Amino acid sequence: MTVQTKSILNAIIEAKNPLIICHEKPDGDTLGASLALSRFLANTQKVHKHFCVDKPANYFSYLPKIENLITDLALLNIIDHDLIITVDCGAIERTGIFEEIKKYNITLINIDHHQSNNNFGHLNLVVPQASSTSEILYDFFQAHQIEIDKYMATNLLTGIITDTMNFTNAATTNDSLKIASELLNLGARINQIISSISQNKNIDALKLWGKILYRLEHNPEYNFAFTAIAKKDLEECQITSPESLDGMANFLSLIQDVNFIIVMTEEDNNQIKVSLRTVRDEIDMAEIAQKMGGGGHRKAAGFKIDITALSADTDWKNFIINAIITKLKKSEV
Ligand SMILES: [Mn+2]
């Protein structure tokens, strides 16, 4: 931990009413890390608020004190706060309320591990080599002799487990395993985490997964696999919660010998969400995503595409695949 973490701790201690913000479409890391930080503030009797622009998936309800998370912007009065702390946001826009934040000149602390983070805070704790923002906060608490109670431990371990995909992806390091072990010593409930995060699908959801898996195709020229999910697939499987699809793109990483995979998901208002995943070090998904107007990490990236202009008889799946292939062709010359 560098000297700057001391000034971050001081800013937090001196603030009268900090606001902690998660990223939109919250995952286990932004929730776990921010809940641990919120718990630290609560343990020091500090008035504060904790906000996320989107509601977390139901399977996160086991996270200690998640009931205190505010997800309604109307319940927030940003001007009341003298400090904002963004947690796991690779860019300030990921807060989902950048337009609101920029109206006021409130001191901003940026705690994150995304490679692409441009240090948008007044104070920045950005550690790209960390597996997760939860790991960064663990080190931060340790460095300043801040007690990690069992609730903070469960929250922090959730972030490490979800960002390492159960200790299987490239973010899994000596440090992340060591810290996970120390969090277990501190009372983290690993069985509850694993069952909530990894065993949360019902039979209807798996039937939907079956449909999507059956539809997998392979492009031999560029050696990628792809599949698509239409809104009517969810209706046919009587699925009302989109979280039934959570984990699909990561699950497909188990396909052997392809360069990358593409999962296209139809959302409301003619928007298609396109997720790109690879396990290969030499392939940069973020580069392809950026060419399509999106962004992300090297191994996991994505973009959105509006299909309103397509005629009804055009297959949007082929349209998107062709658009991606066109970009791949261009990058070859
Ligand atoms: Mn993260």
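Strands here are DSSP E runs of at least two residues, helices are H or I runs of at least four, and both are numbered from the N terminus. Because the model is predicted, local features need pLDDT of at least 70, side-chain atom pairs count only at pLDDT 80 or more, and totals for chains, interfaces and linings use all residues. Residue numbers start from 1 along each chain, following the sequence as it is written.

**The two domains**

- The chain is assigned domain 1 (4-198) and domain 2 (203-332), with bounds that come from an automatic or database domain assignment.
- Between the C-alpha centres of domain 1 and domain 2 there are 29 Å.
- Seven residues of domain 1 make contact with six residues of domain 2, where contact means that two C-beta atoms, placed from the backbone, lie within 7 Å.
- On the domain 1 side that touches domain 2, there are four nonpolar, three polar and no charged residues.
- For those classes, Ala, Val, Leu, Ile, Met, Phe, Trp, Tyr, Cys and Pro count as nonpolar, Asp, Glu, Lys and Arg as charged, and the others, Gly among them, as polar.

- Let's go back to strand 9 (residues 271-277): six bridges tie it to strand 8 (residues 260-266), and the two run antiparallel.
- Thr265 has Lys273 of strand 9 opposite it.
- Strands 8 and 9 make a hairpin with four residues between them, and Asn269 in the turn has a positive phi of about 55 degrees.
- Strand 8 also has six bridges to strand 7 (residues 224-229), this time running parallel, and Ile229 stands opposite Thr265 there.
- Six of the seven residues in strand 8 are buried; buried means 20 or more other C-beta atoms within 10 Å of a residue's own, exposed means 12 or fewer, and partly exposed is in between, with C-beta atoms placed from the backbone.
- Zooming out, six strands form an open sheet in the order 6-7-8-9-11-10, with mixed pairing; two strands pair if DSSP finds at least two bridges between them.
- Strand 6 (217-219) and strand 10 (295-296) are the edge strands, each pairing on one side only.

- Strand 3 (residues 83-87) is mostly covered, with five of its five residues buried.
- Leu83, Ile85 and Val87 point one way, while Ile84 and Thr86 point the other way.
- As a rule, side chains in a regular strand alternate between the two faces of the sheet.
- Strand 1 (residues 18-21) runs parallel to strand 3, joined by four bridges, and Ile21 is opposite Thr86.
- Strand 4 (residues 107-112) is parallel to strand 3 too, with five bridges; Leu108 is the bridge partner of Ile84.

**Two buried residues to look for**

- Ile111 belongs to strand 4 and counts as buried because 26 other C-beta atoms lie within 10 Å.
- Leaving aside neighbours within four places in sequence, Ile111 is in contact with residues including Ile85, Thr86 and Val87.
- Ile111 and Gly90 are 21 residues apart in sequence and 9.1 Å apart in space, C-alpha to C-alpha.
- Ala33 is in helix 2 (residues 28-43), and this residue counts as buried because 32 other C-beta atoms lie within 10 Å.
- Not counting residues up to four places away in sequence, Ala33 touches Val87, Asp88, Thr133, Ser134, Leu137, Leu156 and Gly159.
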